[in-house]
Structures are given as C-alpha cells and as structure tokens.
Amino acid sequence: MKSVLGRRGVAPSWSVQRPFGWRTLIGLVIILVIMGDSAHRLGLERIFIQTGEAIAASVGLQERSQLGDAVGRITGEMFPITIEERKPVTRIENFDEARLPPFSHLESVDVQEQVLNSDTLQLETVTHTQRVLVEPAGYLLYVLTKMVETIEIAIWATIFAIVMSLPLAYLSARNYTPHFVIYGAARGVVSFFRSMPELITALFLVIAFGFGPVAGILALTLHGAGFLGKFYADDIEAADKRPQEALQAIGAGQLSILRLAVIPQVLPSFTAQTLYLLDRNIRMAAVVGLVGGGGIGQELKGRYDLFEYDRVGTILLVLFITVVGLDQIASRIRRHLLS
Amino acid sequence: MRDFNSCEDRLAIDGPALSFTGVSKAFGDGHQALADVSFDVAPGEFCVVLGASGSGKTTLLRMVNGLVDVSGGEIAVTGERLSTANMARVRRKIAMIHQQFNLIERLSVAQNVMAGTLAQQTVWRAMIKLYPRSVQNKALELIKRVGLGADHVNRRAARLSGGQQQRVAIARALMCDPAVILADEPVASLDPKIAHDVLGLIREAARERGAAVLCSLHQPDLARQYGDRIVALHQGVVVFNGPPSALSGDVLHQIYHMSAPAA
C-alpha cells in the first residue's frame, strides 16, 4: 500500500515545486566570492588589461603594448622558418665531395671572424672563405623524421595503454569484478596512474631509462592506462543490462557475457576514447620530449634554448599540420565505426 | 555435450516439465510479490500466466532461471529441484524470451542465435565468436524455422524490426533444446498482427520439440487463444488455474478491475 503522506511526512499539496530556492542563491554567492578572491590572487586582471592594451595598440589608440611587442618579436624571429640545412664542410666527418647527399650542393661563403692579434693585443676582423654544404630541404626532412618518431612514440604508448587498461577495466567494473577488495584496489591503481602527470613521470623515467623514446613511451603509457582504465570500466558498468541478462539466463559464463553482450555494445565508445587518447598522446609525446623523452619535443627544446626561433617555427608548423591531419583521420575512423 | 543434443532422454520423463510447490517471494522491502503458488506445466504444454501489472508474473518467471531468488517453496525443472548448487546445470534446460527481445544489437542475427549455446561453449570459442560447424548449421536451420530469410543471417540485430527481433530471440531460445521456455510478455511491445504471429510461432516450435512454455501475458484474448492452460495471478496469489474455456468473466473482473482489499 502506498502511503498518502509525501516524502517528509507532510500531506502533498497541489503546487509545482520551485526549481531553486534561497539555498541555491546563497551557494552561488559564496562560489562567486571564492572565485573573485582566487582571480585576484592569481592576477587574472592582467589578462584583460594586457589584451586590452594590445587591441588598443593595434587599432592605433596607443603607441605600443607589452603583449604586442612580445608577440611581434617572436613571430619576427620565427618567420621566415628554416627549411634548408647549411653545414660547414669542415664540420662534417669523412666528407667526400664526390658523393654529396641527393639534391644538395656546395657553396663558398665569406666568413668574418674577430681574432685577437697577439702582437698588438687588438681585436682584428679577418675574412676567410668557407665551403658550406647546402641541403635545400634538409632541416624540414630532419624535423619530419622527428615527427614520425613522435607519432611512433604516441602509437606505442597507446597500444601499451590499451593492453594494460583492459584487465584493469575488468577488475574495476563494479558488475564484473571478482571481489569488492579487488575492485577497490583496481580503482586505486587506475586513479593513481591517471593522477601522474606525464611530464613528471617522464622526468623520473628519463633518469631510469636514459634520454630517448623509451622513457617517453612509458610515461605516456602509465597515464594512458589510467585514463582508458577508468573510461572502459565506466562504459562496462553503464552498458545495457538487457542483453547481459539474456545471456545470464541462458547460463553463459561471466567472461562470455562480457565478450558478447558488453564489448560489442561499448566498442564505439571504447574506440572514441582510444582515438582521443592517441590524439592526446601525439601532442603529449611532443611535450615529454622537452624533458628528454625523445621525438620532436627534444629537438624543439634544444633549438629553443639556442634561441633559434626560425627552427622552432619549422617544428611548430610541422606539429600543427600533423595534429590537424591526424584529427581528420581519427574523425573519419570514428564515423566509420559508429555507423 | 551429448545430453544437450539428444532430447529423447529428457522427453522420456513422465512427470511435469516444470512444477511450482508452495512458492513465495518476499522482497527486501517487505513487499510480498508471490504467496503459496503451486501448479505444474506438462511437457509440450503452453501455459499462460495472466495478470495485471505488478501481479507477480515476471517475478514468477524469473525465479525459474534464478534471475530472482526464491524465498520459500520449491521449483523443479524436469523433476530436478532448483538450488544454487545445480543452477548452472538446470539453466541449460531453460530458455527465456524477453519483452524487449534483449538481443545484442550490434552483433549479427546468426551471432545472436548461436549465443544461445554459450553455456555449452568454452570461453575461448566465445572470445573469438567462432562456433562449431554443427552449431552454425543448427542456427541457420532455426533462423529459417522462425521465418527469417538468408538476407537476415548476417545483418545486425538492431537493423531488424521489432517482430523480426523477437523471431531471432525465439531462435536463440530454441538453440539449447530447452525443456522449458519462459516467455516474459513476449508480445507486449509488438503490434496485434505480429503478436499473433509470434505467439503462434512460440506455440508451434515448442510443441514440435515437446518443450513446456510458461508465458506471461496481460491480454485475456491472447491468453484464451494460445494457452492450453491459464494460470491467473492477482497480487501474487493464484486465483485461477484451468483451461481457457473455464476462464470466467468473474476471474477477469477480479484480476483487472477489482480494487485491492484493505490490508
């Protein structure tokens, strides 16, 4: 028998419940105050002041702006970007003039050098001719090979993350875990992996494994396994219960039910998340390169530290085009799988 | 393996295919869903459980294959008493057809039908979704039997109409040569014409194989037309158990129109 009394033991009245009350309003005010204090401490007002100045300067209301100057200086040094590679012949080991690399040629360049004259103790300018090997697309090609390495790092990290996260997802899905203690432990491991930022993990892995792709791949794998493990597990928990029940009624085992009634249903979602991880790994592979995890990031860091912004420009352009291109491919795969 | 493929042994059993003896069910919140339900279903018999929503029909069916625990009394399938210990074995004799079909929508019709034998397959077969040739042939035969064509075999279940999906579910149910077929409101979400087709198919297919059917319905006319016997439930109590011809207006009035007696 249903009780005539409502939830709080009060007789229900013929009125529509108000969608929000004074408690919501007070809560909103408190949140606003906290956000205001935080914004002030972090100096967020500078965003508006400096952007405002830049806009004012660009429309001629102001002589110059700090932001505009900085952006102008960097872009000025970045462009034109460097595509060719020039190397003095004297710095190339076992240089053989008869066997130049394809599409390359030699140039003679006059180089001026300041030399200290030992007799007069004065700095003198001496000019001498140097032969330089010019490869017209040399640097671009080098950056592209580094980009390919970066993509390889991302793909390997994604594959390892999938392999690691599948058992973790099984153990940390509430409706399939063998035991609640295992569930708790698996969820803990997944959260731990996810909470480790790739950059920090990479710093330590570089110490353990040395500079290069291995450290980068492992750093991305750990974080990726945490990410995929959580989302796979959530998908398994949220999958439609009806087909699972049908197979359960037949007497199928847990693993069979998981394979046949859960995996096919969650596959589109699994794929979308995995593709997102791959996309993210390509960008993060460039970032972990900054701390020595191999790939294009390592090259970027080196050139940035040498103030060679024209080469930084080349790297950033290649990175940008790659990410956009791969995004196109990924969305095509996703559309194909979802149909 | 052998005992699943030969129905002869099972059909030799003289007793009822399914029997309820003093079965009751109380849920954790104290709600008494079923009280002292006792009746038998003979092999090959189509038994309809008739009742309004909330009368305990679904609970009764789901207790037979262990989707709901039994609180009291005893259920026996082909003379074998249900318990947690033998649940896995008993389940292999029972098939279920659901109101919402419960197919794996992203798998093909053939894969859905073959999944009906999962209890007899190794985990590895399930993992690669590759079934023995004999199972494949049987599935094709049953797909034909339920009235679907060759063009449906490898189509995704989700792309079929409701009536066709229920036909697939029937084929899946027949895959394990069940002694008992449980049909939980199998036509509740189908239009009247297709409802007749589906119920007719369940009755014929079950009769051919000597399987007992326990089918819950809420439409009295369908119950009368297809049931060999009708068991009417009202608030968890059996208020009628007999042939369709004996189902009186009084019983119908009781299960559909009478207000609940004061508790």
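Student: Leaving aside neighbours within four places in sequence, with which residues is Gln99(B) in contact?
Tutor: This is a predicted model, in which local features need pLDDT of at least 70, side-chain atom pairs count only at pLDDT 80 or more, and totals for chains, interfaces and linings use all residues. Residues are numbered from 1 along each chain as its sequence is written, with chains lettered from A and ligands numbered from 1 in the order in which they are written. Contact requires C-beta atoms, placed from the backbone, within 7 Å. With neighbours within four places set aside, the partners of Gln99(B) are Asp184(B), Glu185(B), Pro186(B), Ala188(B) and Ser189(B).

Student: Why does Gln99(B) count as partly exposed?
Tutor: A residue is buried with 20 or more other C-beta atoms within 10 Å of its own, exposed with 12 or fewer, and partly exposed in between, C-beta atoms being placed from the backbone. Gln99(B) is partly exposed because its C-beta neighbours inside 10 Å number 17.

Student: How many bridges join β2 of chain A to β3(A)?
Tutor: Strands are DSSP runs of E of at least two residues, and helices are runs of H or I of at least four, numbered from the N terminus; two strands pair if DSSP finds at least two bridges between them. Strand β2 (residues 105-117) runs antiparallel to β3(A), and Gln114(A) has Thr125(A) as its bridge partner there. The bridges between β2 and β3(A) number 13.

Terms used:
Two residues are in contact if their C-beta atoms, placed from the backbone, lie within 7 Å.
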